[in-house]
Amino acid sequence: MTVTDSDRADGSSATAPPILRLTGIEKRYGGVHALRGVGLEVAAGEVHALVGENGAGKSTLIKIVSGAEVADAGAIELDGVPQPFGSTTSALGAGIATVYQEPQLFGELTVAENMFLGRELRRHGAVDRGTQRSRVVELLERIGLDPELADVRVADLAVAEQQLVSIAKALSQEPRILILDEPSAILTDREIGTLFRAVRAMRESGVAVIYISHRLDELAQITDRVTVLRDGEVVASKPTTELSVRAVAELMVGHALQSDVVDRSIPDTPPVLAVAHLCRGGRFTDVSLHVRAGEVVALYGLVGSGAGNIARALYGVDPADSGTVTLAGKPVALHSPADAVRHGITMLPANRKVQGVFGSKSIAFNISSAHLRLLSRGGLWLDRSRERRVAEEFLTRIAIKAPSVATLVGNLSGGNQQKVVLARQLVERPRILLLEEPTQGVDVGAKDEIHRIVLELADAGSAIVVVSSDLPEVLQLADRVLVVRGGRLTAEFPRGAGQADVLAAAAGDDQTVEEVSLS
Amino acid sequence: MTTPTVAPPPTPRAPAPARAGARGGLGRLLRLILVERVALLTVLLVVVVTWFWILGDNGYLIARYDSDYLAAALDTLVPLSILALAELIVMVSGRGGIDLSVGSIVSLAGMCFGFMVGHWGWPVAVAVPATILIGGLLGAVNGTLVAYLGFPALIATLATFYAFGSLALVSNQNAPISTKPVQDLHALTSAVDLSPQIPSFPLQVITFLVPVVLVVWLVLNRTTYGRKLYAIGTNDVAARFANINVRQTRFRAYVASGLLAGVAAVVIVAQFASARPDAGSVGNGMALPAITIAVLGGVVVAGGIGRVAGVVIAGLLVVWLNAGILLFFEGSDGSQFQLFALGALLVSSALLNAWTLRRGRSAG
Amino acid sequence: MTALVEPAALRSRRRPVARAVEGQELALVAVIAALWVALSFGTNTFLTAGNLSNIVFAVAPVALIGIGMTAIIVTGGIDVSVGSAAAVVMVVVAKLIRDSGVPMVEAIAVALVLGVLLGTVNGLLVALGGIHPIIVTFGTLNLFRFVALRLFENKQVTGVPSTLQWFGGGETGLSIGVPNAWWLAMAVAAVMWVYMRHWPTGRHWYAVGGDPAAARLAGIRVHRRLVAAYALTGLLVGLAACVLIGSGGLVQQNAGTGLELQVIAAVVIGGTSILGGRGTVLGTLLGALLVGTVTSAITLLGWRSELTELFIGVFILVAVGVDLLRERRRRSA
């Protein structure tokens, strides 16, 4: 099936019959209605953007298309033929390849070996390296990577290169439909150029590309059509040329009422935390900000923006290379979490499972783990009754649903696990609390609960920095929103700013950025 | 040996409430035995002791398997259990924690002990703490390699197993030290008769084993250090975010292992009335049985899980089972069947572990 | 989490993986060569045909088993039962050729089959039992030793005829002045080198060791690859047992004790990562040769033989330490 340029020029794919057609896709997870009758049509030779806020249903939808999940209802048609997908291999067999955000590559094997792993080309039984290599070189050239990379160990590649290699790997399977899940999130501008060349090459060869992205500024450059998902429903599906960044942002957030806007007044005191010209090579540059006691400041940025790195630098886990941090007027050095904790800074990490919980240990163990000195006699002997009392107090105070403090954290729901990790930060009231994605993978009830706790803590006089890519959460919590883009603070909004404005600023609508001057 | 991809397993105590309700008390008891390692080992221990006792009473054994015999058998328990506790500590510390060098530390620290007492005439009260300290120092070498320099524990302790063992052999030209003062050390491990009701048992049980078990239990369960140790073993990234000094905590685990090996060295020199340069490396060495007992006692290789009670009961089980087997066979056959029992116990308990974990996962 | 990457990363050129040898192997060759040169000047006995032939004969069993162990460690596993397994094979084969007069070919066949059998037991327990390899093989270390001791029937096997003298260390075991055992080790290493570098299933071992879950997703039969690695090691244990019986004579009850640690040391010195996913049999061969050279050197220099193990320990630390440094530099670059 070939697509002529004229088909695309008018921005509609009506002339070409869709290669993939989804109709009435429904999916529920427990009580959550993730997809509500989603329909989608993708034509060959089309780059089709799928956008939506976190939780809008994008990832559920691509999981269903790639066979990783099965829809509760609805139909998937390829070339008009209904498909009974239920496994990734059958989807792959039908020509649907997916590139996820984390490259699934083997570090000790070369790029060429990775591409053909499990389906090696053989000659006399041995791997036919020559043929494999020439195929790989061809693919690498096609997507604009250095062909010499074919014989380099994947472990020696930069993360961005690995990302591009996994796209090349997907291409080597000669898919008819290629799903790219936020391929640009971790790429720099130069690498995005390479990516776009690769995507355009695919379009030329008639591959249908489903392109998921948060960077709305990219859409006009690379996509032909945009489908916007909101709360599990398609709210728009239009040619890209008919949509501006601003329009897409408005479609994504809808006209939902601002959920009970908190009205907080911050006393005009000198800042507790003042950061000047903070840098960490390759992660963030020249970050200056300040937070007052009782103030909630949000760092809002898309995945890979560097917002999380700023928080981790302030906690001393991944220290900054240069710049100054002053606490209540005194300059401090934050080289390790110990430094941070000594100055009253604590952090709720983003990845609960990896960085947060001790899954096979009790709630009491998890809460006390960061306060062993406090909960001890003379720093040596654990004061177990006090430990239990503290944990029990939190069980009721922040409503952790568990039979007792001896319950193992691994057996709790995500929301309750997150509350346990949050409780750990609250045992000694922090002067400054850093929160990274505080409600990721948490149910709605627990989310409200966590927001309430954070605001209470602010009312009690703690300074709070929230890093989040969840826009409603940011607007709900923050007294000020700082937008992080490409490792720099690019805009600032006061409480009550419009969702679409903030989103557009973070997603790269430069006009909006200019309108809002940095204070 | 550390497969980094192995996720820290969910606890073996993960409840499966839906199934529990259906069965009665018996079912619950059975589940407890299968899931709770200490319960399983206790049941096994009772079964083994009762069985051999009955066999002995009915003349199937070459000697009576009675309380006197059981008490006397404890002398092999002491060094073995102390080293198994050392393995418990390093294995709990996570990241593939293991100490293959404990046997060589026993040899080297034991030779130092021999020199201090046998050649330099140091008083025992000074030489014993000095020996334990030397053990700790050797453990610190392992700790530095593993915690601060990032060597995989298996490699680091394999290397020091060779190096320490070699130094022990070289120290006295491959000859044991058994001068008069060293021989007199045997008094430390004589049998004690407290009263006619209590069978006489080796002195080192109360002078060394009980204090060591108590101290290790207290450190692991009642101190802040114990908490940190379990925390880094369970999830060392989370531990870092919880402001725990991961490297220092792991380093100290290896030092503790060395200290315990130093204690075992003292016991072994006293027991044999001689400081032998190959004390800790004869046969397959002392590390292997110690690791075996730790694993049998429910210590998880991936780290973060393991209890003193499990290790101590596993030690008792192995020692008393071995003692029974020894009476069941004529000649050296018994020692061969001990190997069989140890291997079979280890593999079957590991299979049981894997099975309960899998069930726990599918039920949860 | 995710990271922004310096634009420089894309432009930088990395040396493609050397096709034939890795850096660690070259370094080992250099160290061994330097030692040989130094020893040939330092002693007048080192560089004699007899001594060199003794060295390579002594390390042949370690090298043979090490080739299999390399595969196991590449998959992220380990096998500490090889010493006991070797004892089982040795006692069975020694008794067969002594008591039943079994000829050479049959004896070799029995050794290989028995070795594969024992290795497969380990492999099945690791792959299907879901038990950590070190625990499985600690268990089978005891079980195999038990089997061996039962078969010994409390006495060492004496008067073993020289049926397997082709493998042995005597005059009859030499070809072109080099012990057949070493030729054998080199031949097996060559075959395995080709297999692990050029055969799909050989490459899959590296993938299994890198990330078993992802390997399974890529369509690799992970269980089968694991069992294959342990069975292969068993096969080579059988071969090594033939070398150890060699010209016959005596098979002692403690045969093979401590062999596992020597083998692991040779593999690790050869640059194989204990964490899995990386390693070559060529390195293992060189690692074994280095250990053999040092052992011989210490004897010839009149040093205390106990110092050998000190050097092995230091070599392990240096080899792995260099590797750690290299990885760290690579990550920070």
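Biologist: How many residues of chain B are in contact with chain C, and how many residues of chain C take part?

Modeller: The model is a predicted one. Two residues are in contact if their C-beta atoms lie within 7 Å. By that criterion, the residues taking part number 43 in chain B and 45 in chain C.

Biologist: Which elements of chain B give two or more residues to the side that touches chain C?

Modeller: By class, this side of chain B has 27 nonpolar residues, beside 15 polar and 1 charged. The elements of chain B that give two or more residues to it are α8 (153–171), α14 (287–296) and α16 (333–363).

Biologist: How many charged residues has the side of chain A that touches chain B?

Modeller: The contact takes 27 residues from chain A and 24 residues from chain B. On the side of chain A, at least two residues each come from α11 (337–342), α12 (352–356) and β20 (381–382). By class, this side has 15 nonpolar and 9 polar residues, and the charged residues number 3.

Biologist: Why does the radius of gyration of chain C agree with that of a compact globule?

Modeller: Chain C has 333 residues, and a compact globule with that number would have a radius of gyration near 20 Å. The radius of gyration agrees because the value for chain C is 21 Å.

Biologist: What percentage of the residues of chain C count as buried?

Modeller: Chain C contains 13 helices and 4 strands. A residue is buried if 20 or more other C-beta atoms lie within 10 Å of its own. Of the 333 residues of chain C, the share that counts as buried is 56%.

Notes. Residues are numbered from 1 along each chain as its sequence is written. Chains are lettered from A and ligands numbered from 1 in the order in which they are written. This is a predicted model: local features need pLDDT of at least 70, side-chain atom pairs count only at pLDDT 80 or more; totals for chains, interfaces and linings use all residues. The radius of gyration is taken over C-alpha atoms; the globule rule is 2.2 Å times the number of residues to the power 0.38. A residue is buried if 20 or more other C-beta atoms lie within 10 Å of its own, exposed if 12 or fewer, and partly exposed in between; C-beta atoms are placed from the backbone. Ala, Val, Leu, Ile, Met, Phe, Trp, Tyr, Cys and Pro count as nonpolar, Asp, Glu, Lys and Arg as charged, and the others, Gly among them, as polar.
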